[in-house]
Amino acid sequence: MTVGAQEIVSYTVQAGQNGAPNSCQPEFGTAGLTFGARVSRIDDNGFVTFSMSPEISAVIATDQLIAGCGTVNTLTTRRLDTGEVRVRDGQTLILTGVISDSDQAVVRKWPVLGDIPFVGQFFRNSINKREKRELVILVSPRIIRDDNGGTFGYGYQAATPEARQLVSPY
């Protein structure tokens, strides 16, 4: 599952022939959340074994200009791989740890006047910004049972009594 925006992270440039302009083919990256999960097994006693790999990325700069093509964005990516996790059916697993912390200081001043000691503070403006983000993922696996015969093609009924005894021995 991917939620986010497609951003241009690079260009493939092919030179034009016989005086034709260069052709630019953009390459995209996702700025947002990409979430992957894989179920390994479901035990008879109601445990689900699975692994997850959430990834969050964001644009940190739009600084590079490719001549004749456009600008390129720089993405920062944070990834968390859980390995295999075993959780009982219906219980909630809480994952944290994809943390982003940024500090930003911006100083605006009048040229020369902002550098004068004591008086310069009246010609300066400074802004400090601190941002902290944390991604928290709550996962509650549910085992879907087909005891009553499903309506979506899962309600298999064996034709002979012997086959019915084999499919549901109780």
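Let's start at the surface, where Trp110, Leu113, Ile116, Phe118, Val119 and Phe122 form a nonpolar patch with about 700 Å² of accessible area together. Patch members have over 30% relative accessible area and no salt bridge, with nonpolar side chains (Val, Leu, Ile, Met, Phe, Trp, Tyr) joined within 5 Å and like charges within 9 Å. Accessible areas come from the Shrake-Rupley method with a 1.4 Å probe, and for residues only the protein chains shown count as cover.

Before going on, please note that this is a predicted model, in which local features need pLDDT of at least 70 and side-chain atom pairs count only at pLDDT 80 or more, while totals for chains, interfaces and linings use all residues. Residues are numbered from 1 along each chain as its sequence is written, and side-chain values use heavy atoms, leaving out hydrogens and water.

Trp110 is exposed, at a relative accessible area of 55%, where exposed means over 50%, buried under 20% and partly exposed in between (1.4 Å probe, protein chains only).

Now to the charged pairs. The structure holds five salt bridges, each a side-chain nitrogen of Lys or Arg within 4 Å of a carboxyl oxygen of Asp or Glu. In one of them, Arg86 pairs with Asp43, the closest N and O atoms being 2.9 Å apart. Arg86 lies in strand E5 (residues 84-88) and Asp43 in the loop between strand E2 (23-42) and strand E3 (47-66), so this pair ties together parts that are 43 residues apart in sequence. Arg86 is partly exposed, with a relative accessible area of 48%.

Another salt bridge joins Arg130 to Asp103 at 3.3 Å, N to O. Here strand E7 supplies Arg130 and strand E6 supplies Asp103, linking distant parts of the chain, 27 residues apart. Both of these residues are exposed. Asp115 and Lys109 also meet in a salt bridge (2.4 Å, N to O), and Lys109 is partly exposed at 45% relative accessibility.

Finally, look at Thr49 in strand E3, which is buried with a relative accessible area of 3%. Leaving aside residues up to four places away in sequence, Thr49 touches Val39, Ser40, Arg41, Glu84, Val85 and Arg86, a contact being heavy atoms within 4.5 Å.

Technical notes: Helices (H or I, at least four residues) and strands (E, at least two) are DSSP runs, numbered from the N terminus.
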